[in-house]
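These notebook entries record what I looked up, in the order in which I looked it up.

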Amino acid sequence: IKYFRDAKITLEFKNEEIDLIEFYLKFDKRRSRSNIIDSVADYFTRNSSNDFYIIKVGLKYLIKLVKQLTTLIEEYGPGASGTIHHTFEKMQEIMQQGIFQYTAQLNENKLNFMQVNKLDQAFRGKQKENVRMLLDMVYELDIFENLALISTKLNLSFADYDSSDKMKVSLKGLFHLTMAQPVKNDIEFEQDKNLIFLSGSNMAGKSSLLKSLGLVIYLAQLGFPVPADRMKTTLFNGLITTINLPDNMGEGLSHYYSEVKRVKEVSLKLLEADKLFIIFDELFRGTNVKDAFDASLLILSELTHIKDSAFFISTHIVELAAELAKFNNISFSYLETYFENQKPVFTYKLMQGISKERLGMYIVLNEGIVEILKKAVVKKC
């Protein structure tokens with residue numbers, strides 16, 4: 001993908017032409033006879049002029065494709081490496097066969113009957129699988145080109161991968177892919193600082209930040225361009241996210257019990273594998289404050305002993321911070337909010353420390369609910 005972007009490769013293939021090649025390959029009429037006399041007789045006696053047209057059009061665009069691939073490899077092959085180099089080599093190996101070299105010399109717009117007969121005999125016969133392989137590689141190149149275009153359009157970058165055994169993630173300028181004007185943030189995980197405790201008021205952007213983080217980790221593991229200015233990461237053995245977890249009425253599970261089961265699933269995964277990246281959004285919000293505090297403290301305290309995985313955990317229960325401060329591998333962060341002219345301002349910037357803002361009551365009062373209820377009481381009296 002990066003090679004396509006850096007080299008500014010533009011493929012000349014047209015969808016409709018590739019579709020016609022596909023249609024030709026799947027054409028279920030008997031392919032041309034190897035004996036030219038029999039083939040000519042077939043053409044005139046079986047009313048197959050339309051069949052011949054389909055074959056001729058399919059071959060026309062197949063010849064054009066072979067020429068395009070030859071030009072592409074000649075132009076960009078010398079600088080290619082890795083996957084692209086391997087793909088170009090496989091293409092060349094196929095196209096160096098006699099029938100493909102013969103094909104490249106033809107004028108696809110002036111095919112005579114004998115040429116059509118010869119090519120159809122080969123390409124819907126012994127060479128059909130090779131043509132199929134060429135098309136599959138064309139589709140792969142098309143994906144690389146489109147991902148390269150998207151990475152340029154959205155200002156995405158490519159992650160650097162750390163091959164050391166120690167867990168590490170360094171993100172500079174992480175942003176949300178779907179926002180028109182996203183605020184960028186930096187996030188760091190190290191082996192000895194592998195748990196981030198995120199606090200922040202309502203609407204401060206915690207869930208959006210967690211989704212951005214989960215997406216960047218996922219894309220990096222695929223080798224895709226990522227929504228960040230720079231990224232360095234180790235490879236993880238799994239990504240687990242718990243964001244907006246619903247209840248399960250079908251199984252009779254409350255929201256809280258669904259949360260507990262999810263935490264158990266994560267624990268079992270941690271037992272099975274190392275180097276996991278785990279995101280929890282609002283642990284145990286489905287129960288009362290006291291149980292949520294106690295359960296969160298218990299789970300987080302145990303997670304601090306697992307040093308080979310990364311944990312990013314958001315919560316409204318800022319009081320947990322005082323209890324968790326004794327653990328050296330926890331970093332405390334919050335999304336900044338402040339009041340200006342008695343109105344909250346959300347910067348969506350990640351800061352070090354614990355959030356001190358409380359917006360729950362402000363939001364309730366700002367909606368005028370109390371005044372509405374008082375009017376309702378007066379009206380009913």
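**Entry 1. A starting residue.** I began with glutamine 92, which is partly exposed at a relative accessible area of 35%. I apply the terms as follows: buried is under 20% relative accessible area, exposed is over 50%, and partly exposed is in between, with a 1.4 Å probe and protein chains only. Glutamine 92 belongs to helix α5 (residues 82-95). I take helices (H or I, at least four residues) and strands (E, at least two) as DSSP runs, numbered from the N terminus. I also looked up a C-alpha separation: glutamine 92 and isoleucine 73 are 19 residues apart along the chain, and their C-alpha atoms are 8.0 Å apart.

**Entry 2. Basis of the values.** I note that this is a predicted model, in which local features need pLDDT of at least 70 and side-chain atom pairs count only at pLDDT 80 or more, while totals for chains, interfaces and linings use all residues. Residues are numbered from 1 along each chain as its sequence is written, and side-chain values use heavy atoms, with hydrogens and water left out.

**Entry 3. Salt bridges.** How many salt bridges does a search of the whole structure find? I recorded 12. The term stands for a side-chain nitrogen of Lys or Arg within 4 Å of a carboxyl oxygen of Asp or Glu. Side chains of opposite charge can pair when their charged atoms come close.

**Entry 4. Glutamate 108 and lysine 67.** These two residues form a salt bridge, with 2.8 Å between the closest N and O atoms. I find glutamate 108 buried, at 15% relative accessibility, and lysine 67 partly exposed, at 27%.

**Entry 5. Arginine 124 and aspartate 120.** Their side chains meet in a salt bridge at 2.7 Å, N to O. Are the two partners buried or exposed? Arginine 124 is buried, with a relative accessible area of 8%. Aspartate 120 is buried as well, its value being 0%.

**Entry 6. Glutamate 188 and lysine 172.** I recorded a salt bridge here with the closest N and O atoms 3.1 Å apart. The pair links distant parts of the chain, 16 residues apart: glutamate 188 is in strand β3 (residues 185-189) and lysine 172 in strand β2 (residues 169-174). Glutamate 188 is partly exposed at 32% relative accessible area, and lysine 172 is partly exposed at 27%.
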